[in-house]
Each structure stands twice: as C-alpha cells, then as structure tokens.
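User: I'm new to this one and would like to go through a few spots with you. Could you take a look along with me?
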Protein chains: 2
Amino acid sequence: MKRYLYTGLFLLAAAAPLRAEDGSRLWLRGNATAHARVAAGRQSPTIAIAVSELQAQWQGAAVQLSIVPNKALGDDGFSISGSPQSGVTIAAVAEQGLLYGAYHLLRLQETQSLPPTLSITETPRYALRILNHWDNLDGSVERGYAGRSLWKWGELPDTLSPRYAAYARANASVGVNGTVLNNVNASPQILSPPMLRKVKAIADVLRPYHIRVYLSINFSSPMALGSLETADPLDKAVQRWWGGKVAEIYRLIPDFGGFLVKANSEGLPGPQDYGRTHLDGANMLADALAPHSGIVMWRAFVYSPNDPDRAKQAYQEFMPFDGKFRPNVIIQVKNGPVDFQPREPFSPLFGAMQRTPVMVELQITQEYLGFSNHLAYLGTLFEECLQSDTYARGAGSTVAKATDGSLFAHPLTAIAGVANIGSDVGWCGHPFAQASWYAFGRLAWSHSLPAEAIAREWLRQTFGSDSAFVEPAAAMMMQSREAVVSYMMPLGLHHLFAWGHHYGPEPWCRVPNARPDWLPSYYHKADSAGLGFDRSSTGSHATAQYFTPLREQWDNLETCDERYLLWFHHVPWGYTMKSGRTLWSELCHRYQSGVDSVRAMQQAWDRLQPYVDAERFALVQSRLRTQARDAVWWRDACLLYFQTFSRRPIPYALERPVHDLDELMKVKLEMTHHN
Amino acid sequence: MKRYLYTGLFLLAAAAPLRAEDGSRLWLRGNATAHARVAAGRQSPTIAIAVSELQAQWQGAAVQLSIVPNKALGDDGFSISGSPQSGVTIAAVAEQGLLYGAYHLLRLQETQSLPPTLSITETPRYALRILNHWDNLDGSVERGYAGRSLWKWGELPDTLSPRYAAYARANASVGVNGTVLNNVNASPQILSPPMLRKVKAIADVLRPYHIRVYLSINFSSPMALGSLETADPLDKAVQRWWGGKVAEIYRLIPDFGGFLVKANSEGLPGPQDYGRTHLDGANMLADALAPHSGIVMWRAFVYSPNDPDRAKQAYQEFMPFDGKFRPNVIIQVKNGPVDFQPREPFSPLFGAMQRTPVMVELQITQEYLGFSNHLAYLGTLFEECLQSDTYARGAGSTVAKATDGSLFAHPLTAIAGVANIGSDVGWCGHPFAQASWYAFGRLAWSHSLPAEAIAREWLRQTFGSDSAFVEPAAAMMMQSREAVVSYMMPLGLHHLFAWGHHYGPEPWCRVPNARPDWLPSYYHKADSAGLGFDRSSTGSHATAQYFTPLREQWDNLETCDERYLLWFHHVPWGYTMKSGRTLWSELCHRYQSGVDSVRAMQQAWDRLQPYVDAERFALVQSRLRTQARDAVWWRDACLLYFQTFSRRPIPYALERPVHDLDELMKVKLEMTHHN
C-alpha cells in the first residue's frame with residue numbers, strides 16, 4: 001500500500017514541471033521557495049536584489065556577500081568560494097559584482113553544475129554589454145517580431161510596467177549592463193523634455209540591476225528641437241546646444257550611458273550634410289558627453305548608394321580617421337561588412353582599426369533569419385564572428401581579441417546586440433529566440449564560452465535538465481543557424497531577400513528607381529556564366545581590406561573558404577567544388593540539405609514532447625512547421641530562379657521543387673519591418 | 001565535310017518532335033503526309049472518314065476496305081488481314097467496323113506494334129460505349145476541370161465549332177459510339193424545340209463518326225415544358241406527352257440513342273414524387289422510346305438522406321425490381337456503392353442484378369482525385385473495378401462479365417464514362433488526363449486490356465515511342481492513382497472531402513443542417529476507440545449484399561482486404577495490421593507513402609525532360625508541383641485531425657507535418673463544382 005502511495009507521489013512530482021508555460025519566465029525559472037540564509041556586509045538596492053534572489057532560490061548552505069578591495073576583479077567581477085554544503089562567499093569590488101556573482105551561483109545550481117568546492121573568479125571581457133532596441137516612439141519596433149515595444153511611452157513616466165524590472169532582472173542575470181532604449185533611426189523627439197522624463201523613469205527602474213540607459217540620437221536634433229538653423233558639428237551654437245542637452249539629461253539620469261549614433265546612413269542626417277566628417281560629428285558629441293563620463297557609440301553602418309562595392313565602404317570611410325577620435329568614442333561595427341546576413345565574413349574594420357576602440361554590433365533579432373518564425377539559435381553565429389581570426393597581429397588575432405582591449409589596449413570596450421524583445425508575453429516571439437538573447441549576454445561576459453555550452457545552460461534553465469531532453473535539443477539548436485544558411489543563402493550568397501520585409505526570397509527583385517545595392521541582383525550577380533560577387537582582385541578587390549593570409553586565401557577561388565565562395569567570387573556554374581560536384585549541383589544539394597535539416601529538427605522536437613510542457617511544445621512545433629514550409633519556399637525560389645541562368649537540371653536524385661517560379665514571383669507578403 | 005552535314009541533319013530530325021505542343025491533337029498525332037493508296041467498295045460519309053484517315057497517315061502498302069457478311073464480327077467488329085508490306089484488307093459487316101478497323105491499323109502503326117503478317121479480329125465487349133457529359137445549358141460543367149462546356153449552345157445550330165468533329169474523331173478512334181450531351185442534373189429546357197434543333201446540329205456532325213447522341217432528361221419535363229399538372233408516370237397525359245416528345249426528337253435525329261435519367265436523387269424529381277417507383281418511371285420512358293429503338297439508362301445513384309448506410313441503399317431500392325424492367329431499360333450503376341471515391345469496393349448491384357441489364361458508370365473526370373491538377377491515370381481504377389470478382393456465378397464472375405452479356409445473357413450491354421472534356425485547348429486540363437479518356441474508350445471496347453498496356457499505347461501515340469521515355473512514364477502512370485489513394489484516403493477511408501468542391505481535405509467538416517451522409521464524419525466515424533465505418537455484421541451489414549466468399553472475407557476484420565478495411569470496419573487504433581504496425585502507424589505510413597510517391601513522380605518526370613516538348617513538359621511539371629503540395633496538405637490534414645482521436649504520435653521516423661490543424665481548418669477554397 002505504502003509503495004503504491006510513493007509511486008503516486010513520484011509521478012506527481014515528475015509531472016509537475018509539465019505544467020503549461022507561456023515563456024514569460026525566460027531562463028529564470030528556479031524554484032522560489034528556498035528560504036536560504038544570506039548575509040551581506042553592506043546595504044544597497046543592488047545588494048538587496050542579490051540577497052533576495054539567493055534567499056528565494058539558493059538551496060545550499062548560507063551565503064555571505066562581501067565587498068573586497070580586490071582590484072583584479074575590476075568593477076563587475078566577482079569571486080565565489082566555499083562549498084554548497086558548508087557555506088559560500090561571494091566577493092566583489094562593487095555591488096554589481098555581488099549581483100553577478102549571485103546569478104552565477106544560481107545558474108550553477110539550476111544547470112546542476114555546482115562543484116563540491118567553489119573556487120570561481122569571473123570578470124567580463126567587455127566593459128559595456130549593451131542591448132540596442134530599435135524601438136520607435138510610436139510603440140512599433142523596427143525588425144521586431146515579438147509584438148510592440150516593451151516601452152509604454154504613452155503611460156510613462158507615471159505608470160511603470162512590471163515588465164521593466166523583469167527585463168532588467170533577466171539582463172542582469174546574464175551580465176548585460178546597458179540598454180539603448182530607442183531605434184538608431186532616431187526621432188529627435190527622444191531628447192525632448194517630456195520624453196527625457198519618461199527615459200528617467202525607466203532608468204530608475206533599471207539602475208538597481210546596474211543597467212545604464214543610453215539613447216540613440218538624431219543628428220539634426222538641434223534644428224528639430226532647438227530651433228537652430230544648422231546641425232553643423234563645428235558650429236558653436238550647435239556645440240552649445242548639445243552641451244546643454246547632455247547636462248539636462250545627466251541632471252535627470254546621473255549614470256546616463258551616452259549616445260548611439262547612426263549618421264549619414266540610409267537617409268539619416270549627419271555631419272556630411274554640412275561638409276563635415278564622421279570624425280567631426282563623433283568628436284563634437286564626445287566633447288559634450290565627456291564632462292559626465294558619457295560615451296559616443298558611432299555606427300560604421302554607412303554606405304553611399306552608388307559605390308561599386310557596398311561591402312568595402314565602411315572600411316574606406318572610417319580607416320582614414322583611425323586614431324583621431326576622442327577617447328570616449330567607440331566605433332560600432334556590424335559583424336559583417338554588409339548587413340546581418342545569415343552568414344557573412346567578419347567586417348574588415350575588426351583588426352584593421354587599431355588606434356580607435358571598436359565594438360561588434362550583433363543582431364539578436366532575426367531580421368534576416370526568418371523572424372521569430374524560424375528556430376535559429378544565434379549563439380553559433382556570434383561565436384563564429386567573435387572567433388574569426390583577423391590576423392591583425394598574426395594568428396590568433398580574433399575579432400573578440402581585437403575588440404576586448406587585449407590586442408589593442410583601449411580602456412573602452414563594448415559589445416552590442418540588437419534586441420529581439422517585445423511586448424510578447426514570451427518576450428521574443430519564439431521560445432528558442434530567448435536563447436539568442438541569453439547567448440548574447442553570456443558571450444558579452446565571456447566571449448570564449450562555446451555556443452554549445454551556452455545552449456545547454458539555457459536549455460537546462462529554461463526547460464529542464466534531463467539529458468534525454470538537453471542533448472537532442474542542444475543538437476537541434478547547434479545545427480539550426482546552419483540550416484537557415486543552407487536553405488536561404490548557402491556558399492556565401494547574401495541578400496536575396498524580398499524588398500522591405502526581409503522575410504521571404506526574392507532573388508529576382510526589381511523595384512523601379514531603387515538603389516542598386518538594395519536589390520538582390522547587386523549581390524548575387526547571377527548570369528549565364530555563373531553566380532556570385534567578384535570581390536577578388538579581378539573585381540572590387542574587397543579582399544585587400546583583410547590581412548594576410550586571409551586576403552590571399554579568399555582572393556583565390558581555389559583556396560577561398562567555400563562558406564564565403566560566392567561572397568568573394570563570381571564562380572562558373574560548372575566549377576568543381578571540394579565535394580567533386582559542380583557549383584550548380586553543390587548549390588542544389590546545399591538548399592536541399594537546409595530543407596532536410598529543418599525536417600530533422602521537426603522530428604527531433606516531436607520526440608521531445610514528453611519532456612516539454614504542452615504550451616511551449618505546441619508553439620515550437622507550430623513554428624517549426626512554418627519553418628519547414630518556408631525552407632521549401634526558399635529552396636524552390638532560389639533554385640528555380642538561378643536555374644534560369646544555369647540552365648542545368650537540379651540533380652535528379654534530389655527532391656523536386658513544389659512551387660513554380662512564376663507563382664513565387666507573384667508572392668507579395670503583406671509585411672512591414674515595423675511591428 | 002559530308003559527315004558533318006549528315007550529323008547536322010540528324011540532329012535537326014531528332015529535334016523536330018520536340019516542337020511545342022498544346023495537347024490539342026490528343027493521341028492522334030500521326031504524320032499526316034503519307035498519301036497511302038486506299039480503296040473501298042462502297043461510299044458513305046463514315047467510310048470516307050476511314051479512307052481519308054488511312055490516306056493521310058498509313059505508311060504501308062495499299063489498304064482495301066470491304067463490307068463482308070461475316071455475322072461473327074457483329075455491327076462494330078472488324079478483321080484486318082494481309083501485311084503492311086504487300087497489302088492490307090480491313091473487313092467489316094458495317095461501315096463503322098471499317099472505321100474502327102482503320103483506326104486500329106493506324107494505332108498499331110503509331111505504337112510500332114505492326115506484325116509482319118496481319119491476322120486480327122476485333123469485336124467490342126460492350127455494344128454501347130458512352131460518354132456522359134455533365135454539361136449545363138449555361139456552358140458550365142459540373143465537376144469539369146477543363147474549362148467551359150464543349151457545346152456552344154449560344155451559337156448553335158448555326159455555328160458548328162470545329163471541335164465537335166475533332167471530338168467525334170477522337171472518340172471514334174477508341175471506339176466510343178455514344179454521348180450524353182447534358183448533365184444528369186438535367187434542365188427540362190434540353191427538350192424544348194429550340195434546344196432540340198441545336199442537339200440535332202451536333203448529332204449531324206457526330207453521325208459520320210458513328211457516335212449517337214443521347215440526352216439526360218428531367219423527370220418533370222411534362223410539367224415544365226408541357227404545362228401538365230403532373231409528371232406521374234402512370235398518368236396517361238404524361239405518357240402521351242413523352243410519346244410525342246420522343247417522336248419529335250426522332251424526327252430531328254433518326255438515330256437518337258435514348259435517355260439517361262437521374263430521378264429521385266439529390267433533390268431531382270422522379271416517380272416517387274407521385275407515389276410511383278423507379279420501375280414505373282423507367283418503364284414509362286422505355287415505352288415511349290421503344291418504337292424508335294431508343295433506350296433508357298436509369299441511374300441507380302439514389303439514396304435517401306436518413307438511411308443508416310448510404311452504401312446499401314441502391315441495392316435495397318433496385319433489387320426488388322430485378323427482372324421487371326422493359327428490355328430497353330438498362331440500370332446505370334456507379335462503380336462503387338458510394339460516389340467515385342479514390343477507391344471503393346465494387347457496387348453490390350454488379351452480379352446481384354441478374355435479370356436486368358446493368359451498366360457500369362465510371363468517372364473519367366477527377367471529381368475526387370485532385371481535379372485536373374493531379375496526375376492520376378484512371379486506367380488502373382477502371383481495370384480494378386471491371387476485374388473485381390463478384391462471385392455471382394462462382395469465381396471469375398467479374399464485374400466486366402456481369403455487365404457485358406456473357407454471364408447474364410442480355411442483348412443490351414453498355415458502359416458509361418463521365419467525361420473530363422471541356423473547352424481547354426488541351427481538352428482535359430492536364431496532359432495526362434487525356435489518358436483516362438483514352439483508357440475508358442479502350443476498356444469499353446476490350447475490358448480485358450491491361451491498364452498498363454493501354455498506358456504504353458497512349459504514351460507512344462501522345463508523346464513518342466522511345467522506350468527510355470515510355471517505360472518510366474508508364475511506371476509513373478501506373479502508380480499514380482494508388483498515390484492519390486494513399487495521400488487522400490488509404491485503407492478504405494472515403495469521402496473526407498471539403499464540402500461542395502471535393503478538392504481538399506475536410507475530415508472535420510461540419511455544415512449546419514447538412515445531410516449527415518454529405519459529411520465526412522458520417523464516413524470515417526473517427527473516435528477515441530478507432531476509425532472506420534462498421535459495415536460488417538456488427539454494423540450496417542452491407543457485407544451481406546455481396547456474394548460468398550466476399551461477404552465472409554470482408555465481414556471479418558482479420559480476413560478483410562486491407563484496401564477496404566476502414567470501409568467495412570471500425571478498427572481500433574492499436575489493431576495490428578498485416579505489416580505488423582498498428583492501424584495508426586500504418587495510416588501514417590500510407591499517407592507518407594502517398595507524398596513520397598508524388599515526389600517520385602516529380603523526379604521521374606524531370607528526368608524525362610529530354611523526351612518531351614517544352615510546353616507539355618512544363619505544364620505537367622507544374623501540375624506535379626501542385627500535386628506535391630496538395631499531397632502534403634492532405635497528409636497533414638488527415639493525420640493531424642485523426643490524431644485528435646488516436647492520441648498517438650506520428651511515428652518519429654516519418655516526415656513531420658508542416659501545417660497546423662487549426663490553420664488547415666480555416667482553409668476555405670473558393671471553388672465551385674461548376675466550371
């Protein structure tokens with residue numbers, strides 16, 4: 001009898017984690033009934049958060065939080081010592097170190113990775129770990145696929161959504177310490193006094209979590225808000241206006257982080273409108289911010305419409321200024337030279353710009369990777385970029401080391417991720433999209449963490465620790481971004497997207513009077529001879545922007561990494577690839593392998609049903625179904641379109657297209673890039 | 001030099017057959033430049049056609065056409081003797097025999113099947129080989145997927161479309177000798193004097209091809225056209241009216257064939273409206289037609305809305321009248337007991353109704369097999385029906401023998417096919433749909449011809465004789481209907497179609513106040529226990545309408561043919577099938593195999609590109625792509641819906657669904673069943 005009773009209880013306990021989940025708890029789903037003993041030698045709002053998180057969740061022996069004068073830990077670092085059985089000490093130089101230490105200890109617990117003896121020292125590799133929100137003041141989110149903006153400007157500053165604190169907590173738990181609240185395509189209105197009071201209200205909520213607020217600014221703000229007749233950065237009145245505006249901000253938000261600037265890019269105003277340079281503009285703003293220790297993150301995403309190779313332009317425009325920026329300016333460079341494609345080689349500015357701080361801008365939101373419909377874990381993309389070797393100072397000069405202050409000794413180091421967060425109750429629109437946010441934070445802290453380890457960490461905290469679940473789910477995540485590359489743009493293809501929304505395929509896209517470099521044909525250059533953009537020495541010679549040996553390897557068709565082949569070369573359809581297949585045949589196989597990968601993910605996920613709550617299981621399953629349809633759509637669109645040039649059959653052993661090209665060319669999705 | 005020239009000529013010759021084709025020439029694509037010597041002992045319009053076809057196409061020695069008093073040949077038979085090298089004689093009792101002989105000789109030539117010595121005698125197995133057009137007088141076609149009606153009622157009788165003669169020629173070439181011009185859901189107006197003049201004009205065009213015209217009539221015609229107050233078949237005025245109307249028709253069309261009648265079926269009027277029976281109605285019309293040698297084809301497709309098993313009703317209603325019909329009445333019975341499903345067992349009336357002529361009604365138009373979007377060669381379906389053994393007189397009592405006069409000695413024998421022909425320039429909407437028309441004609445002539453041989457015949461004439469083409473294409477055709485069964489309704493499932501248009505899947509279909517037997521749930525009876533309609537002795541006992549040993553075999557779950565399993569049984573989800581799989585698992589495998597078969601057809605077709613003109617190649621390829629999408633749609637809709645009952649996972653080794661059930665349940669195609 002007793003035995004049956006126990007069995008019953010056991011089943012009940014096992015069934016409990018299967019209750020419905022809406023994803024709102026992210027990876028912070030630890031049991032909050034622990035009542036741990038936690039002591040701290042000092043009181044502060046930040047330390048109070050650390051104490052309360054531990055009290056609620058820590059299941060080991062007592063924890064002591066100590067401020068110590070250990071310079072080696074830096075501002076954000078911490079050490080953890082002792083043992084879960086006898087007592088734990090978290091030590092840090094500053095309160096935020098204690099907070100990060102507390103989250104680290106809890107992460108070890110939740111991922112079942114607690115060693116018997118704790119001897120941990122952690123310091124972040126980037127000083128500033130920043131989310132960029134492309135949120136507009138009207139509540140829409142550019143390239144946002146998780147509902148409307150998190151920031152409820154209409155009800156601020158009086159009403160504070162509980163999501164603001166939840167957002168701060170999630171970011172703090174992975175070490176994010178800054179956030180740019182508004183879109184880089186910035187409205188001048190963000191700097192108006194009423195808006196700044198709203199910004200202050202958010203900053204006040206985020207401050208205890210040690211998250212600084214930054215703002216994207218519009219370079220014409222002095223004219224739009226200050227009634228000046230110019231925004232010329234060398235104009236004294238303009239400089240005065242910015243000085244005054246910055247002072248106004250710091251009166252409201254004493255720990256304000258600084259400005260993110262997109263200038264003279266895609267139609268936005270900038271110093272070039274007045275015959276000045278990016279250097280003039282960035283330094284002017286830097287001078288205004290310097291008295292308050294604020295910084296300028298100046299984006300290098302600039303390209304003029306008529307240059308022969310867009311991929312070369314940022315390098316050409318910024319390299320002449322290297323070493324001439326103020327010390328509180330950092331150049332924010334997208335991971336690749338074009339625009340957040342499923343795969344790009346790293347931007348040649350990384351490693352090349354040595355006398356100026358440079359930061360990587362990663363895109364967490366899946367603008368070019370299927371929105372929040374497709375499962376694409378971007379930890380692998382981020383890792384691929386950060387671990388790319390620039391060879392700037394010989395082998396081992398990775399993008400990570402070229403930006404973390406170790407290769408070039410700049411005190412200002414940072415990394416940015418364009419957020420995928422919105423009003424969606426599950427935050428990111430797709431349960432697995434949370435993992436890319438998580439991975440961004442973890443890599444911003446420790447850029448050498450393997451993406452796979454991060455995936456496992458995230459899975460254990462978000463779904464559960466059963467290895468029968470974690471291992472297949474991690475395998476699925478690890479192949480997911482490569483699957484997108486394969487069914488969208490394998491072998492170095494890029495920007496085959498539909499005009500505007502960047503969701504579906506439109507390699508044939510023609511828009512009257514459009515900028516050529518906004519059209520796919522600019523990038524794929526398909527013709528009867530072959531496919532790809534010749535950026536080698538016989539073409540635009542973008543390869544010359546890279547260091548030896550990359551410049552030579554990538555310049556040569558025979559030695560070029562096939563992942564970037566069509567990025568750097570216009571390759572004949574009949575060219576023999578490493579597989580022994582022709583380019584055309586290899587292309588067909590890659591597209592099919594993308595489709596096959598999605599189907600394999602579907603099978604993997606369905607097998608995991610016993611381990612997942614019904615709600616998230618069904619949502620992911622449904623999204624995977626959409627992804628499988630889209631993968632076939634992509635395959636058919638690209639192969640059937642390129643086939644009009646190659647005039648070769650799709651290898652007969654491969655699955656045949658199920659769409660007709662002329663039908664696909666009629667598809668017009670009613671999508672915007674603003675939610 | 002000379003050698004190069006020859007090579008060039010050779011290539012030119014080889015390329016010629018690849019010129020664009022619109023399908024309008026059907027299987028009659030013989031070279032028309034032969035100038036053969038042809039002599040005939042008698043002149044007539046029909047013989048003139050035979051002579052001119054041979055003159056234009058026959059490439060052998062001279063042909064002599066002879067009328068001979070050889071009774072064994074019957075009215076339509078012929079013999080062919082002699083040799084292609086020295087001279088050929090075609091002999092027949094009547095002129096149509098010479099026409100059929102001429103087409104037969106040309107078919108042997110075009111299919112490269114001419115023996116050196118000709119010794120052929122052919123007689124048809126059915127006296128009447130009739131197409132049924134479900135064409136409405138407004139130019140629409142019920143269940144027509146090849147454009148509008150062939151008959152241009154608006155411009156008749158003054159304007160005669162050249163398509164009428166082309167239609168007659170195509171039918172004559174395969175032995176079809178009758179056509180019902182209008183829909184069985186007949187408008188009384190077809191019998192109005194103006195319409196009859198139009199019918200006469202068509203009959204005059206068809207007559208030289210020896211094709212008789214028949215009409216579908218509305219049983220209420222005496223009221224609608226004659227202003228009578230009743231259509232009671234026992235009413236003298238009604239009988240007089242029909243007698244007069246028939247005489248009027250025969251004055252215009254002396255060889256008029258007779259009437260096809262759908263009465264008291266799906267809302268149409270009939271004798272039961274007056275307390276009379278089908279027998280009363282059919283015999284009354286038969287009496288009106290008898291003086292002119294006309295016949296009545298009385299359809300057995302009748303079923304009342306509230307009977308417990310629709311599949312049993314025709315048998316129940318008609319068996320009591322067996323032996324009581326006039327000799328010029330024939331009962332027209334659909335191949336299966338329900339309604340032209342992708343697969344049904346044969347109707348139990350075949351073999352059971354022994355003292356009355358019975359004719360098979362086949363559906364050539366793909367109402368339930370994907371319209372003209374899906375490649376489904378129906379030769380195999382027709383063969384399966386005709387070769388089904390009814391066991392009425394022991395083993396070997398096939399449906400064919402039960403209807404061709406051999407098993408039950410009725411002089412009146414016939415077979416009908418519901419046409420798939422319309423205004424489409426390629427006649428049938430899908431190049432391969434022509435093959436089902438062709439196969440109907442060939443089987444109506446000779447019901448023991450293998451469907452595969454017919455497919456090869458048709459392919460050789462329609463596309464070309466290269467065996468590298470014919471063999472794979474024939475294989476594709478031979479598996480095509482089974483593919484449809486698998487992805488739509490395997491294992492005896494039936495009528496899971498969307499309301500109205502019968503194209504897509506709607507196993508969940510609910511329509512307020514609808515007749516239960518027009519809803520899929522009536523047929524599949526899915527519940528948590530299992531799937532299928534119990535028509536065994538524990539259910540509706542429809543099995544009792546079949547002869548031993550079928551009644552016992554099909555009644556027993558263990559011995560029932562699995563092709564009909566869910567037709568006759570409500571089977572538990574966990575039931576072990578012959579494969580060793582559970583019913584649920586087997587169902588999943590069958591649906592997937594249907595999808596796989598379509599993909600295999602796609603691959604097969606693409607490999608055949610070198611052998612096919614670009615126009616038809618692209619059209620078939622495009623249709624196959626649609627079919628592949630639809631097959632996945634069907635698989636997902638049915639499996640996901642039935643899964644809500646089975647509560648079992650789709651076997652993990654199988655490809656996962658790509659649609660969500662709730663999305664699919666929202667799909668409403670804007671389709672009608674009238675073109």
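User: Which backbone oxygen lies 2.9 Å from a polar atom of the side chain of B:Asn328?
Analyst: Keeping in mind that this is a predicted model, the backbone oxygen is that of B:Ala286.

User: Is B:Asn328 buried or exposed?
Analyst: B:Asn328 has a relative accessible area of 11%, and because buried means under 20%, it counts as buried.

User: And where does B:Asn328 lie in the chain?
Analyst: B:Asn328 is in the loop of chain B between helix H9 (310-318) and strand S11 (329-334). Leaving aside neighbours within four places in sequence, B:Asn328 is in contact with several residues, including B:Ala286, B:Leu289, B:Val296 and B:Leu412.

User: Switching to chain A, how do the axes of helix H11 and helix H13 cross?
Analyst: The axes of H11 (residues 379-386) and H13 (residues 433-445) of chain A come within 9 Å and cross at roughly 30 degrees. Angles under 35 degrees count as roughly parallel, so H11(A) and H13(A) are described that way.

User: Which residues make that contact?
Analyst: H11(A) contributes A:Gly379, A:Phe382, A:Glu383 and A:Leu386, while H13(A) contributes A:Ser436, A:Ala439, A:Phe440 and A:Leu443. These residues divide into 5 nonpolar, 2 polar and 1 charged.

User: What about the sheet in chain A, in what order do the strands come?
Analyst: The open sheet has 5 strands in the order S1-S2-S4-S3-S5, with mixed pairing, and its edge strands are S1 (38-40) and S5 (118-122), each of which pairs on one side only.

User: How many bridges join S3 to S4 there?
Analyst: In chain A, 5 bridges join S3 (residues 78-83) to S4 (residues 87-92), and these strands run antiparallel; the bridge partner of A:Ser79 in S4(A) is A:Ala91.

Terms used: Residues numbered from 1 in each chain as written. Chains lettered and ligands numbered in written order. Predicted model: local features only at pLDDT ≥ 70, side-chain atom pairs only at ≥ 80, totals over all residues. Heavy atoms only, no water. Pairing = 2+ DSSP bridges. Helix = DSSP H or I, 4+ residues; strand = E, 2+ residues; numbered from the N terminus. Buried < 20%, exposed > 50% of the residue type's maximum accessible area, 1.4 Å probe, protein only. Polar contact = N/O pair within 3.5 Å; in protein donor to acceptor, adjacent residues only side chain to side chain. Contact = heavy atoms within 4.5 Å. Axes fitted to C-alpha atoms, helices over the stretch in contact; angles between N-to-C directions. Parallel < 35°, antiparallel > 145°, perpendicular 65-115°, else oblique. Nonpolar A, V, L, I, M, F, W, Y, C, P; charged D, E, K, R; others polar.
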